[in-house]
Amino acid sequence: MKLEILTKQENREIQNGIISKIRDLIIYKNLEPGDKLPAERVLSEKFDVSRTSVREAIQKLEFYGILNSKPQSGTFISNIGQIAMNGMIDDILSLEEQDFVSLVETRILLELKTVKLAAIRRTDEDLERIKFALDAYNKKMISGEDCLEEDLLFHLAVASASKNSTINTLMLLITPEIIVAYDKDRVCEGDVALSEIKKHEDIYSAILNQDPKLAKEKMKAHFSKLYDYIYGKDRDVKLKRK
C-alpha cells in the first residue's frame, strides 16, 4: 500500500505566496472578523494559481484558526484582531520544513503516550486493525521487501486505538514527512529485519492484554535502534536533556 506524499517544497512555496496575498487582500479591503472572503474561483483567477492551491492555503489558515469555512456558505475571517492575525501569519510563513530528527522525536514522544492509551481503550475492532497491519508488516519483512509503509500503518493503527483524535491527527500530519525522510536515509535496510518482528508482536500482545505499562516499555524498546540512528554517539547525552 502506498501513502501519498503531500508535503513538497514547491507546494509549500506556492501556499505561502497565496497566504501572503490573502493577508494583503484582507488588509486592502479592510475586512473584519466575520467578513466573507471571495470564492476560491475568484481568488484562483486573481492570484493566477490553481483552485487546488487556493483550497490548500485556505485549509492551512483554517487549521491555525485564522479562517473558518462553512459548507454551502463560504470562507470567513475568524474572530481575531488584525494585529494578532498578522503575527500568526508571520509565524506560519516562517515555519521551516521539519528536519528528520525533530519529526522522529515528535513521533516517539507521541507514541509512548499513545500506546498506553491504546492498551486501555482498544476495542476488538482496533485489535483486528492492528493485527492486520502487523501481519502485512511481517509478511514483507520475512520476504525481504521494503516494509516501511506497513510499519507506519501499524503505528497509525495503534494511534487510532488510543481514541485521542488530536494525537491521531498529529500522527497523520507528520507521517508523510517521515516517509520522505526514511526513504531518503534508507533506515529499513539491512539488519533492521527479523528482529523487529518480535518487537512489533510484543507491542500488540501488551495492547491485547490491556497492559499500558508493558505496552510503553515494549514501544520504547522498539525505538532503541531509532534512538541510536538519530543520536549516534551522543544518544545518552541528548536523552538526558529530555
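**Working chat: fold and cores**

Biologist: In what order do the elements run from the N terminus on?
Modeller: The order is α-α-α-β-β-α-α-α-α-α-α-α-α-α, where helices (H or I, at least four residues) and strands (E, at least two) are DSSP runs numbered from the N terminus. That comes to 12 helices and 2 strands. This is a predicted model, where local features need pLDDT of at least 70, side-chain atom pairs count only at pLDDT 80 or more, and totals for chains, interfaces and linings use all residues. Residues are numbered from 1 along each chain as its sequence is written, and side-chain values use heavy atoms, with hydrogens and water left out.

Biologist: Which residues touch the most other members of the largest nonpolar core?
Modeller: I108, V115, I130, F154, V158 and I207, out of 26 residues. A nonpolar core is a set of buried Ala, Val, Leu, Ile, Met, Phe, Trp, Tyr and Cys residues joined through side-chain atoms within 4.5 Å; buried means under 20% relative accessible area, with a 1.4 Å probe and protein chains only.

Biologist: Which helix gives the most to this core?
Modeller: α5, with 7 residues. Helices supplying at least two residues each include α5 (100-121), α6 (124-143) and α9 (194-208).

Biologist: What is I207 in contact with?
Modeller: Beyond its neighbours within four places in sequence, I207 contacts V115, A118, A119, R122, L127, I130 and V158, contact being heavy atoms within 4.5 Å.

Biologist: How many residues are in the other core?
Modeller: The other core lies apart and has 20 residues, among them I66, I77, I80 and M85.

Biologist: Changing topic, what share of the protein is buried?
Modeller: Buried residues are 39% of the 242.

Conventions. Buried < 20%, exposed > 50% of the residue type's maximum accessible area, 1.4 Å probe, protein only.
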